[in-house]
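This report sets out the structural features of a single model. The sequence and structure are shown first, and the description follows.

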Amino acid sequence: MSAYLSIEGVGITFNPRKSPTPALVGVDLKIAKGEFVSIIGHSGCGKSTLLNIVAGLLKPTLGGVFLERQLVDAPGPDRAVVFQNHSLLPWLTVYDNVRLAVNKVFGKTRGEAERHEWTLHNLNLVGMSHAIAKYPSEVSGGMKQRVGIARALAMEPKVLLMDEPFGALDALNRARLQDALMGIQTTLRNTVIMITHDVDEAVLLSDRIVMMTNGPAATIGEVLDIPLDRARKRLDLADDTTYAHCRGEVLRFLYARHRPADADAA
Ligand SMILES: Nc1ncnc2c1ncn2[C@@H]1O[C@H](COP(=O)(O)OP(=O)(O)OP(=O)(O)O)[C@@H](O)[C@H]1O
């Protein structure tokens with residue numbers, strides 16, 4: 001596989017002097033352009049730490065991350081991040097929240113009208129055209145998350161990084177947003193790394209699922225290919241044997257081979 005994004009021998013130890021805690025060891029992963037990869041694992045295994053290293057927000061103690069062969073050593077607009085709790089600026093409208101990012105990335109290369117159209121286009125992609133003049137406080141949590149995704153997509157990042165993007169949503173909103181993202185992925189084929197705790201979400205959306213062992217000193221335990229064609233439809237997959245098989249593989253990894261340390265007590 002040609003590696004667009006390459007995570008090579010990544011390890012990180014927090015508090016190296018006072019009380020060294022190895023959070024991640026020997027993480028190796030190659031991701032092709034246009035791949036949608038989910039990372040799943042029990043709480044505290046280091047998923048966010050790994051995503052933050054790819055984002056350039058944390059520096060690994062060992063190894064490195066390479067995007068198109070360039071070492072990642074700082075955050076940048078080529079790696080847009082969507083967090084669980086939408087991070088919109090409350091004093092800007094929905095439109096202006098996206099437009100700000102568009103201006104930042106394309107201020108020097110695209111004209112005013114083009115940036116306006118591009119902002120509207122991305123809000124339309126996530127189904128938010130009807131609310132462009134509203135402020136974040138006037139829209140629901142699911143809508144705020146849609147705007148966050150529109151903002152990230154509008155930056156045309158090389159890699160879209162999502163840390164439990166639907167984790168704070170109720171089941172119905174979560175399903176709606178997953179469907180929207182599935183649709184977008186079918187057309188745009190972004191390179192995506194998404195952290196999730198939700199096995200169904202991982203199988204629905206991903207080309208591959210990366211399963212992490214428990215921490216401390218967590219690493220990649222297994223990587224599962226999801227050989228389901230796109231466009232995927234939630235209802236069609238409900239009785240699909242490949243879907244059921246993939247789901248079972250992830251569940252067995254998480255709850256038979258790598259049970260959380262507190263599972264027996266619970
Ligand atoms: N800045 C830090 N300093 C010290 N330890 C940290 C720091 N950030 C994370 N850790 C530790 O590293 C480990 C991995 O944390 P991380 O947040 O990456 O896990 P996670 O898999 O994303 O967890 P969750 O699923 O609960 O969000 C945990 O033991 C955590 O306490």
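In which loop is alanine 231 found? Alanine 231 belongs to the loop between β10 and α7 (234–237). The model is predicted, and in it a cis peptide bond links arginine 230 to alanine 231, with omega at about 5°.

A cis peptide bond also joins glycine 215 and proline 216, where omega is about -5°. Proline 216 is situated in the loop between β9 and β10.

## The open sheet

Six strands form an open sheet with mixed pairing, in the order β6-β7-β8-β3-β9-β10. From one strand to the next, the twist averages 20°.

Within this sheet, β3 (residues 36–40) and β8 (residues 192–195) run parallel and are joined by 4 bridges. Helix α8 (residues 241–257) lies across β3, β9 (208–212) and β10, and its direction is at about 175° to that of β10.

## Valine 37 in strand β3

Valine 37 is part of strand β3 and stands opposite isoleucine 193 in β8. Is valine 37 buried or exposed? Valine 37 is buried, because 22 other C-beta atoms lie within 10 Å and the threshold for burial is 20 or more.

When neighbours within four places in sequence are left aside, the contacts of valine 37 are Ile31, Val192, Ile193, Ser206, Asp207, Arg208 and Val210. The C-alpha atoms of valine 37 and leucine 205 are separated by 8.4 Å, although these residues are 168 residues apart along the chain.

## The nonpolar core

The largest nonpolar core has 69 residues, of which Leu24, Val54, Val98, Ala150, Leu161, Ile193 and Val250 touch the most other members. Helix α4 supplies the largest share of this core, with 7 residues. In soluble globular proteins, nonpolar side chains tend to be buried together.

Valine 98 may be taken as an example. Not counting residues up to four places away in sequence, valine 98 touches Thr119, Asn122, Leu123, Val147, Ala150, Arg151 and Ala154. Ala150 is likewise listed among the core residues that touch the most other members.

## Surroundings of the ligand

Around the ligand there are 13 residues, and those that come nearest are Phe14, Ser43, Lys47, Ser48 and Thr49. The elements giving two or more residues to this shell are β2 (21–31) and α1 (47–55). The greatest contribution is that of α1, with 3 residues.

## Positive phi angles outside glycine

Glutamate 68, a residue other than glycine, has a positive phi near 45°. Its place is in the loop between β4 (62–67) and β5 (70–71). Glutamate 68 counts as exposed because it has 12 C-beta neighbours inside 10 Å, and a residue with 12 or fewer falls in that class.

Glutamate 156 also has a positive phi, of about 45°, although it is not a glycine. This residue is placed in the loop between α4 (141–154) and β7 (159–163). With 17 C-beta neighbours inside 10 Å, glutamate 156 counts as partly exposed.

Note on methods. Residues numbered from 1 in each chain as written. Predicted model: local features only at pLDDT ≥ 70, side-chain atom pairs only at ≥ 80, totals over all residues. Pairing = 2+ DSSP bridges. Axes fitted to C-alpha atoms, helices over the stretch in contact; angles between N-to-C directions. Contact = placed C-beta atoms within 7 Å. Near = placed C-beta within 6 Å. Core = buried A, V, L, I, M, F, W, Y, C linked by C-beta atoms within 7 Å.
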